[in-house]
Amino acid sequence: MPTTAILGLQWGDEGKGKLVDSISAQQDFCVRFQGGGNAGHTVYPEGGKIVLHHLPTGVLHKDCINVMAQGMVVDPLRLIDEIAEVEGRGFKLDGRLFISDRCSITIPLHLTLDVDREAGEKANQIGTTKRGIGPTYADRYDRVGVRAADLLDETSLREALQRAVNVRACQTDGNAPGVDDMLKPLLDVGRKLKGYITDTSLLLAESMKEDKHILFEGAQGAMLDVSQGTYPYVTSSHTTAAGIPSGVGLALMVDKLIGVTKAYCTRVGEGPFPTELNDDIGAKLREAGGEFGATTGRPRRCGWIDLFALRYVCRTSGITHLAITKLDVLSGFEKIKVGVGYEGYDAPGMPADIRRFSALKPKYESLPGWKEDIGSVRDAADLPANARTYLRYLEDFVGVPIGIVSVGPAREASFETHGAPKD
Ligand code: IMP
């Protein structure tokens, strides 16, 4: 298929990075279309672990061209360090990385705004990654944002910074950096990034005409989408498939949409999580799954998988294939529960009102667990019978075929399957 997307279906951290890493080996392009340095895609190329924040995961494959498209927000001072780290590990990016001239730029003022808000009244806290994501998108939509193209011209940059300061500085505690504090470092970094900044929408349109294989790499997850997710406890971008066309600047339909879900569920930050487990089982999942944030190191909240929510987001994103990650983490549980709905709730979708969402009490189905360590399994048919039953139940409930199963962090621990294994 010429165009494929890999999208998170929960609240992020589903293990997308690892799948993008294996799939991008066969792709001509790997494209990030939303979010920014809030993402933390952990991959294990030969020679150790790398956590990518801004850069598309295809940077780790030498024949893959990488695009940071216009829907992204970019903190150039952090990006430059990330580029240096990846190049230092032997993955040269010259001619292989393109940044849209329309990306929004996170400036130090945005970091101040994000940190101040998170330190303020509890009722206003989202539990953000403090990477300035919300304020950067807010400035984009308020039309006072700095864009990547502005980094390349001193007059444009000064004017753009001045607009942002005029509108936003009054929202800080007087600790905001001024135009002159921000101008020089941003101009310096603009000089370093110049060779990468271009019209990526044009580049992608031409590549699609040539039938190039293009992979769109989602960050965060559907339940964090700014419109479809648990608003206001969401990120500020469109994380679902609907975000791809505007995020790359092309009215395109993606051929294959792979939705990624863990075999259980996690969340970081504030906001409702109906199947959360504040007990020994939640602690066991955190421990066994190594559930600590890749960007912030925060312990993740853990719980059972919520199939009702999963079915909802598969529908809104038009998911064609499911990828189930971290199935190995469920080994050793006597019973595995799966959320199949909510007490006294009979609507087909998820509530838009956060108070109603927060009041949801899950209804569970209980499935038998398995004891075997499955980390070395490489074919779905070789999974223990109860693990196969679990996958079949999940697939039947959600109504989307399982295409990939992952049982460990290594590249080779993910394998393809044509639907859940039959008995
Ligand atoms: P922001 O994106 O930093 O504004 O944070 C908004 C919400 O999204 C917070 O609950 C974050 O914890 C969450 N979030 C942002 N990026 C990620 C991610 O990559 N994985 C998981 N949660 C994320």
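Which domains does the lining of the largest cavity draw at least three residues from? Keep that in mind while you set up your viewer.

What you have open is a predicted model, in which local features need pLDDT of at least 70, side-chain atom pairs count only at pLDDT 80 or more, and totals for chains, interfaces and linings use all residues. Residues are numbered from 1 along each chain as its sequence is written, and side-chain values use heavy atoms, with hydrogens and water left out.

**Stop 1: the cavities**

Select Leu9, Gln10, Trp11, Met223, Cys265, Asp306, Ala309 and Leu310, which line the largest cavity. A cavity is a set of points, on a 1 Å grid over the protein atoms alone, where a 1.4 Å probe fits but cannot get out; lining residues have an atom within 4 Å of a point. Here is the reply to the opening question: domain 1 (3-99 + 199-256) and domain 3 (262-416) each give at least three residues to this lining. Those domain bounds come from an automatic or database domain assignment.

The volume of the largest cavity is about 60 Å³. A volume is the space filled by probe spheres set on the grid points, which are joined across faces, edges and corners. Its lining has six nonpolar, one polar and one charged residues. Ala, Val, Leu, Ile, Met, Phe, Trp, Tyr, Cys and Pro count as nonpolar, Asp, Glu, Lys and Arg as charged, and the others, Gly among them, as polar.

There are two cavities of 30 Å³ or more.

**Stop 2: the ligand**

Now click on the ligand. Of the 17 residues that surround it, the closest are Asp13, Asn38, Thr129, Thr235 and Arg298; to count, a residue needs a heavy atom within 4 Å. This shell holds seven nonpolar, eight polar and two charged residues.

Next, look for polar contacts (pairs of N or O atoms within 3.5 Å). Zoom in on arginine 298, where a side-chain N or O atom sits 3.0 Å from a ligand oxygen. Glycine 127 has a backbone N or O atom 3.3 Å from an oxygen atom of the ligand. Taken alone, the ligand exposes 470 Å², and the protein buries 97% of that (areas come from the Shrake-Rupley method with a 1.4 Å probe).

**Stop 3: the second largest pocket**

A pocket is an open set of grid points with protein on both sides within 12 Å along at least five of seven lines. Select Ile23, Lys256, Ile258, Ile404 and Glu416, the closest to its centre of the 22 lining residues. Where does this pocket lie? It lies between domain 1 (3-99 + 199-256) and domain 3 (262-416), because both give residues to its lining.

**Stop 4**

Most residues other than glycine have a negative phi, and most peptide bonds are trans. Go to tyrosine 231 and proline 232: the peptide bond from one to the other is cis, with omega near 10°. Then jump to arginine 143, which is not a glycine but has a positive phi of about 60°.

Definitions and conventions: Polar contact = N/O pair within 3.5 Å; in protein donor to acceptor, adjacent residues only side chain to side chain.
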